Amino acid sequence: MSTTWRRFVPWEGRATRLDLGLMGAILGVVAIGVAMRPLKPFLLASHPVMLEFLTGDLTAIGAAAAFARIGEAPLWLVVVAGAAGMVKFDWLTWWTGRQWGLGIVRMFTTSERAHRFAARATELNPWILRAAVVFALLPGVPTAVVYAMAGWAGMRLLTFLLLDLAGAALMTGVVVAVGYKSGQRGVDLVLLVDRYASLVSLTMIAAAALVPLVKRLIRRRNRAGGNV
């Protein structure tokens with residue numbers, strides 16, 4: 001395998017069936033996430049609990065909690081669906097760390113600081129790593145890197161899943177509390193989004209198509225300006 005191509009794969013040497021299968025599963029999860037984006041505005045008002053389970057999206061969790069406040073959904077189901085939606089594919093990320101170690105971390109981030117920190121995964125105090133998994137969903141934390149580190153460091157899958165679920169339940173509880181407090185105001189806002197769902201979805205699709213094109217045009221213009 002060429003050095004150039006090596007930058008885009010996490011394994012060493014020739015890929016095994018497990019390598020290819022695991023990479024296919026990761027790409028499949030990414031594809032599902034991309035495919036769900038245009039559907040979110042439609043499902044947000046009609047099926048918020050289903051949407052939070054499918055995507056683990058914080059906005060969907062907050063919307064479902066607001067609907068629970070006015071009696072449209074059981075509050076316990078909102079919490080369970082939100083936490084489950086957040087963690088349902090995290091075991092795959094744990095597995096990538098167990099299988100590829102630093103190789104998958106390099107794919108998740110180009111930060112040298114993150115690489116150095118991840119390289120010490122096997123040397124960290126187990127309690128530090130466990131705490132990192134619980135709080136990995138906090139804003140600013142490289143969640144995928146933390147989960148991969150847990151697998152690389154040899155954390156047992158059951159331990160990882162319990163800690164991951166605890167962190168997801170904590171985050172879901174906070175968002176549910178905010179959404180539940182908003183009540184009817186939150187529902188009205190969700191219904192407003194639903195009214196313009198088609199416009200929102202089309203805008204998202206157009207942005208996804210146009211942003212890369214604009215970036216290429218800017219790069220070409222900069223190169224042309226540099227050659228003058």
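Modeller: The account below begins with the chain and then turns to one helix, a loop residue and a surface patch.

The model is predicted: local features require pLDDT of at least 70, side-chain atom pairs count only at pLDDT 80 or more, and totals for chains, interfaces and linings use all residues. Residues are numbered from 1 along each chain as its sequence is written, and side-chain values use heavy atoms, with hydrogens and water left out.

The protein chain contains 13 helices and zero strands; helices (H or I, at least four residues) and strands (E, at least two) are DSSP runs, numbered from the N terminus. Of the 228 residues in the protein chain, 36% are buried. Buried denotes under 20% relative accessible area, exposed over 50%, and partly exposed in between, with a 1.4 Å probe and protein chains only. Among contacts (heavy atoms within 4.5 Å) between residues at least 6 apart in sequence, 71% join residues at least 24 apart.

Nine of the 12 residues are buried, so helix 5 is largely enclosed by the rest of the structure. The buried residues are Ala-60, Ile-61, Gly-62, Ala-63, Ala-64, Ala-65, Ala-66, Phe-67 and Ala-68. At the start of helix 5, a side-chain oxygen of Asp-57 comes to within 3.0 Å of the backbone nitrogen of Thr-59. After helix 5 comes Gly-71, with a positive phi near 85°.

Elsewhere, Leu-124 lies in the loop between helix 9 (112-119) and helix 10 (126-134). Leu-124 counts as buried because its relative accessibility is 14%. The C-alpha atoms of Leu-124 and Ala-153 are 8.4 Å apart in space, while the two residues are 29 apart in sequence.

On the surface, Leu-18, Ile-32, Phe-89, Trp-91, Trp-95, Leu-157 and Leu-161 form a nonpolar patch with about 570 Å² of accessible area together. Such areas come from the Shrake-Rupley method with a 1.4 Å probe; for residues, only the protein chains shown count as cover. Helix 2 (17-36), helix 7 (90-100) and helix 12 (157-195) each supply at least two residues of the nonpolar patch. Leu-157 is found in helix 12, and Leu-157 counts as partly exposed because its relative accessibility is 34%.

Key: Polar contact = N/O pair within 3.5 Å; in protein donor to acceptor, adjacent residues only side chain to side chain. Patch = residues over 30% accessible without salt bridge, like charges linked within 9 Å, V, L, I, M, F, W, Y side chains within 5 Å. Salt bridge = Lys/Arg side-chain N within 4 Å of Asp/Glu carboxyl O.
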